[in-house]
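Here is my note on this model, point by point. Please read it with the structure open.

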Amino acid sequence: MGIKTKIALGTAVGVVVIGGLASLGDDQAADTAKGGDTSNSAPASGGDKADKSEQAEEKPKASQAEQFKAFVEENGTPKEKEAASHVTKVQGAEKQNNVLDTADIYTDYTGGVMGEGLGPAKLLTSAFADWKQSKNGLVTVYDADGELLGNGEF
């Protein structure tokens, strides 16, 4: 290997290492900006027990279905609220990349497309589109047996 090749290779490795270290610093700065403590030292005051009890009393994060129902309850029409009361599970609503976002809404309706849930499925897809936005999203509504009721873009 020639000297120029070794220098070029060493420079490339150095850039990668420096870039990696710089990204670690950005994560730490972002955590600090969010209010997180990135230091490993104990707090200066004796409030260690109070901090732990506050963390223990924090409510666990609501499920996607609970978050969706709460949104519809606050912002939806009476018919959307009625349809949302039949939602049992929501999947895929948290992580979106605007490339191909998919979400599923499971309900306790029965009978598939020919059953009672076709109309409410359209209401649920509309409410979901109000709740989450994506450049290329598709939400699908299923009945209690996992049969397709409807889908729509969000």
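1. Methionine 114 counts as exposed because its relative accessibility is 77%; exposed means over 50% relative accessible area, with a 1.4 Å probe and protein chains only. Methionine 114 sits in the loop between strand 2 and helix 5. Helices (H or I, at least four residues) and strands (E, at least two) are DSSP runs, numbered from the N terminus.

2. Val113, Met114 and Leu118 make a nonpolar surface patch of about 320 Å². Such patches take residues with over 30% relative accessible area and no salt bridge, nonpolar side chains being joined within 5 Å. A salt bridge is a Lys or Arg side-chain nitrogen within 4 Å of an Asp or Glu carboxyl oxygen. Areas are Shrake-Rupley values with a 1.4 Å probe.

3. This is a predicted model: local features need pLDDT of at least 70, side-chain atom pairs count only at pLDDT 80 or more, and totals for chains, interfaces and linings use all residues. Residues are numbered from 1 along each chain as its sequence is written, and side-chain values use heavy atoms, without hydrogens or water.

4. Four strands form an open sheet, order 1-2-3-4, with mixed pairing; pairing requires at least two DSSP bridges. Strand 1 (87–91) and strand 4 (148–153) each have a single partner strand, so one side of each lacks a neighbour in the sheet.

5. Strand 1 pairs with strand 2 (residues 101–107) in the antiparallel sense, over four bridges. Valine 87 faces threonine 107 of strand 2.

6. Helix 5 (residues 118–131) packs on the sheet and touches strand 1, strand 2, strand 3 (137–142) and strand 4. Contact means heavy atoms within 4.5 Å.

Definitions and conventions:
Axes are lines fitted to C-alpha atoms, for helices over the stretch in contact, and angles run from 0 to 180 degrees between N-to-C directions. Patches are made of residues with over 30% relative accessible area and no salt bridge: like charges are joined within 9 Å, nonpolar side chains (Val, Leu, Ile, Met, Phe, Trp, Tyr) within 5 Å. Buried means under 20% relative accessible area, exposed over 50%, partly exposed in between (1.4 Å probe, protein chains only).
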